[in-house]
Amino acid sequence: MYRVGFTKMQGAGNDYIYVNTSVFPIRNPEKLAIKWSKYHTGIGSDGLVLIGNSYKADFSMRIFNADGSEAKMCGNASRCVGKYLYDNHLTDKTELLLDTLSGIKLLKLQVVDGKVTYVTVDMGIPESIYIMSEGYAGCMIDMPIMVGKKSFKATAISMGNPHLVIFVDDVDRIELEKVGSMLENNPLFPDRINVEFAQVKNKNSIRMRVWERGSGITQACGTGACATAVAGFMTGRTERISSVNMDGGVLTICWDGETDHVLMTGDAVKVFDGEVEID
Ligand SMILES: N[C@@H](CCC[C@H](N)C(=O)O)C(=O)O
């Protein structure tokens, strides 16, 4: 029996289990993500995040969804990792480089009374996703996509991980559980996809609900908020800066016109520390 210390943290309500693998090395994160993420029989979370060393950056982050699949990037987790490292005195830097499977990200920490409250992450340059199907090859920008008998206009953006953003008149009328799962597994996206339904409130404000690849409905998605803000600007619906309001909180997204980089700012909150036994 081996005891693993973990910290439960959330950013905009997107909650993960964080393990410092320099202290608690883990052999099978895919299996543990599935077991620990379950709310009734595990710890309960949207997935598992591993914090580690890096020879390229200050630290590294790996993210596993609740179904055990590994993603390349997680916006909300990256902010929480910054808080974890600073609040636990593993660094005294307020600007940190984080090594992820989608490249090195710069984190800027806002500290109040010795604790990190907000973090801005340079999420890099967004990319349009190229789609190949029988009748079409190209980027998907406000393109029709069928879900059952309904047609939506969708924009596919990669923020390191893939997102399908659909603007609608009323996000609250979307049957997210049903439609989200169907879109996640649409054959157009062989690696599956995260799905965001968005409603423009005004040129600088968007309401968004998310279905995450590998985790289902979550309270927020950082990369999803970035993809939504990018899709909003690309299709002329919003300006370069917008607040994206999700069920669990708000993120401020700025798509910088000079560098093309997307900057995401939001909270990072510790929920509790715990210990779990594994065989
Ligand atoms: N919640 C995350 C994204 C987590 C990974 C995603 N479900 C995927 O599989 O791509 C975020 O805050 O960005």
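This is a predicted model: local features need pLDDT of at least 70, side-chain atom pairs count only at pLDDT 80 or more; totals for chains, interfaces and linings use all residues.

Q: What makes residues of domain 1 and domain 2 count as being in contact?
A: Contact requires heavy atoms within 4.5 Å. By that rule, 18 residues of domain 1 touch 17 residues of domain 2.

Q: What is the area buried between domain 1 and domain 2, and which three residues of domain 1 supply more of its share than any other three?
A: An interface's size is often given as the accessible area lost when the parts come together. Here the value is about 1,200 Å², with carbon and sulfur atoms giving 44%. On the domain 1 side, Ala12, Asn65 and Met73 supply 32% of the area buried against domain 2, more than any other three residues.

Q: Why is the pairing of Arg192 with Asp67 called a salt bridge?
A: The label needs a side-chain nitrogen of Lys or Arg within 4 Å of a carboxyl oxygen of Asp or Glu. The closest N and O atoms of Arg192 and Asp67 are 3.2 Å apart, so the pair qualifies. The count between domain 1 and domain 2 is one salt bridge.

Q: Which residues lie nearest the centre of the largest pocket?
A: Ile129, Pro162, Asp191, Arg192 and Arg213 do, out of 20 lining residues. The pocket's volume is about 360 Å³.

Q: What makes S10 stand out in the lining of the largest pocket?
A: S10 gives the most, with three residues. Strand S9 (127-128) and strand S10 (130-133) each supply at least two. By class, the lining has 10 nonpolar, four polar and six charged residues.

Q: Which helix gives the most to the lining of the second largest pocket?
A: Helix H1 (residues 29-37) does, with three residues. The lining includes Tyr2, Pro25, Ile278 and Asp279, and the space inside is about 230 Å³. Its classes are five nonpolar, one polar and four charged.

Conventions. Residues are numbered from 1 along each chain as its sequence is written. Side-chain values use heavy atoms; hydrogens and water are left out. On a 1 Å grid over the protein atoms alone, a cavity is a set of points where a 1.4 Å probe fits but cannot get out, and a pocket is an open set with protein on both sides within 12 Å along at least five of seven lines; lining residues have an atom within 4 Å of a point. Grid points are joined across faces, edges and corners, and a volume is the space filled by probe spheres set on the points. Helices (H or I, at least four residues) and strands (E, at least two) are DSSP runs, numbered from the N terminus. Ala, Val, Leu, Ile, Met, Phe, Trp, Tyr, Cys and Pro count as nonpolar, Asp, Glu, Lys and Arg as charged, and the others, Gly among them, as polar. Buried area is the accessible area (1.4 Å probe) that two parts lose on being put together, summed over both.
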